[in-house]
Amino acid sequence: MAARPTPYLDDLNPAQREAVEALDGPVLMLAGAGTGKTKALTSRIVHLLNTGRARPNEILSVTFTNKAAKEMKTRVGKMLGQSIEGMPWLGTFHAICVKLLRRHAELVDLKSNFTILDTDDQIRLLKQLINANNIDEKRWPARQLAGIIDHWKNRAWTPEKVPSAEASAYNNRGTELYDQYQARLRELNAVDFGDLLLHVVTIFQTHEDVLAQYQRWFKYILVDEYQDTNVAQYLWLRLLAGGHKNICCVGDDDQSIYGWRGAEVGNILRFEKDFPGAKVVRLEQNYRSTEHILAAAGGVIRGNEGRLGKELWTEATGGEKVRLIGHWDGEEEARWIGEEIEAMQGGTRGMRAFSADDMAILVRASHQMRAFEDRFLTIGLPYRVIGGPRFYERMEIRDAMAYFRLVVSPADDLAFERIVNTPKRGLGDKAQQKIQMTARANGVNLIEGARILLTEGGITGKGAGQLRALVENLDRWGKMTGHADVSHIELAEMVLDESGYTAMWQNDKTPEAPGRLENLKELVKALENFDNLQGFLEHVSLIMDNETDDGGAKVSIMTLHAAKGLEFPVVFLPGWEDGLFPSQRSMDESGLKGLEEERRLAYVGITRAEEVCTISFAGNRRVFGQWQSQLPSRFIDELPEEHVEVLTPPGLYGGGFGAAAQVESTIHQRAADANVYNSPGWKRMQARAGQRPVSQPREARNQVIDLDAVSRYTVGDRVFHQKFGYGAITAIEGDKLDVDFEKAGPKKVVAKFVMSSED
Ligand code: ATP
Ligand code: MG
């Protein structure tokens, strides 16, 4: 057969080409962001197919997300110039393992139609076991046990294999309960997420014939984002590649960002040991970003120790410097980014015009998305949230909104159903059925139904007391709406606290719980832009209505974690403030592990940008209606000055508290804060890096500025309100101000929601 043309090879540089053409034996491609690792991996698949080395179903390729898998398939098809009839083994570890496990379920005592439990089911099952074992679930929460078991599964430890060093886990009962849990899952013919890999690894380890069959079948193995594999995934790969050793892994140690989920960057370092004679290819040319963006990213990542170290270069000289801007607060940051996006669409920033599809906002914590979603809705800027639910779709937000809906409208039965037993009030299915039946029999809504049921004594025990409390609370909260002494914000906080909803998440020990609490705070913050709960609820229903995808261009909003492997011409990186990014947890930790992972995340963020990268921070963030002063992120200090352009923030901040001045002072002289910089990790790092000494504790940090101080204002003062803009105070009455707004006209506003324009 005549050799087929290989035009796709012409698009590669010599190092990439070497990695693509070295089809046999182990290959490790270790290179920085944007150097074309994924491109080379894709070309390698094409080359395998094109040279007839393997058929599509004989290639095993692992990607990090389903989205990445889909994209790779499309690209392979394009490069081949024909649609490939399926690549069944191109997908995430989990997707591939589901397929394998269905084929061999009986080898681990399952049937092939096993169900995959979601987290809720998993927790419910664990709770049953905990109760059956007479363990106090309040002291030893099921979620904690779930976390431990997950960790063990990530390390490929079946109950028998959990090392004795772990024996003290979960009050010394961890291993025993893990064993019971696995047995129960088998009885139910079910698996949890972690089992998918664990079972397949177990099958391979205990059934040589099955392993041998797949070792032969998968002629070539390819793995993207190798730096984020955990031990179980690593073992799985090593087993499958054990025969022919035709395995090609690509990764970047500087982009390892899943350590918190059990990923082991050490897997990269072990590769050459496990596969002696591996060809190691390093790529140094970056094809994605301009020189300024690359240099900025390089400047930040240099702060990490123990890197493999790579130099990157690009032909894309010139271009925009990385833009840095400080804002008064988070809302202002969102407003500015919204305006900037619109200006960049219009091409009025001295750059080419960009489409909304070209732009992405990458946040550290998902609660940051709220401000952008709200703002974009207000100005009618289409957006999509990638890799997770939109803010208002999140479980805890929907729960909280259900409470608010009931307060405003007691007849909202759907809302009642949602929260009647959330948090748990001992009102299970039976009790709920009784409420439903009573309501229907009497032709009333569920709250009234519950009231009748209680009067008739149709419900007894612990549940009755709790139901009574709920009904009474709802009545009381309802009466408070529109009450002059209680703002809708205070009411919202009251509802979340008194219903026990906030406490439910405070007592929750899962890794997601802190994020959910943050989201709840963020929800209350969102209320500040509205005059009452009703208006807010309408706003949210509009957002939810805005969901359908019309195929038009949209700005992408996602977390930095979800942005891995992606690229955008224009990237916004908001919220670069200590405590937010790097996260408070990483700064509190002793040792540098957490902080270094955050720094890698910063590197991932900057390197997503092709042409324009804008980093921003806010001087203040509002938490429950109070201002908390923020320090710009320490990572901002690590940006090389010559590659950064400091933008002047909009008018308000020109004088007095000048955010621009703050940016300057941040870059030139690090403001210090005793609380933060006393952490041992930070001191060690400072000492090592020989950076300028940290001095002058900055008192502003974490200090709550109470804008309730009405006495600050006198009639005639010029003030600024988030929603109404500038205006002059015409009268002061208690904590309410009459303000004649320049654009919005005269309004009565609460003092704590305006700021003096002198600030
Ligand atoms: P990351 O580490 O972020 O995952 P990566 O190393 O996988 O990055 P790719 O996404 O494969 O990098 O490539 C980055 C960009 O550079 C893509 O737009 C790709 O098409 C382009 N590119 C890669 N190699 C070349 C090349 N040899 N010539 C021209 N463009 C290239
Ligand atoms: Mg990639």
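1. How do the residues of the shell around ligand 1 divide into nonpolar, polar and charged? There are 4 nonpolar, 9 polar and 6 charged. Here Ala, Val, Leu, Ile, Met, Phe, Trp, Tyr, Cys and Pro count as nonpolar, Asp, Glu, Lys and Arg as charged, and the others, Gly among them, as polar.

2. This is a predicted model: local features need pLDDT of at least 70, side-chain atom pairs count only at pLDDT 80 or more, and totals for chains, interfaces and linings use all residues. Residues are numbered from 1 along each chain as its sequence is written, while chains are lettered from A and ligands numbered from 1 in the order in which they are written.

3. The chain is divided into domains 1 to 5, with bounds from an automatic or database domain assignment. Domain 4 is 395-510 and domain 5 is 706-756. Their C-alpha centres lie 36 Å apart.

4. Back to ligand 1. Of the 19 residues around it, G36, K37, T38, K39 and Y287 come nearest (near: C-beta atom, placed from the backbone, within 6 Å). Helix α3 (residues 37-50) gives the most to the shell, with 3 residues (helices are DSSP runs of H or I, at least four residues, numbered from the N terminus). Ligand 1 lies between domain 1 and domain 3, because both give residues to its shell.

5. Now a helix pair. I447, A450, R451 and L454 in α19 meet A464, L467, R468, V471 and L474 in α20 (contact: C-beta atoms, placed from the backbone, within 7 Å). By class, this contact has 7 nonpolar, no polar and 2 charged residues.

Notes:
Helix = DSSP H or I, 4+ residues; strand = E, 2+ residues; numbered from the N terminus. Contact = placed C-beta atoms within 7 Å.
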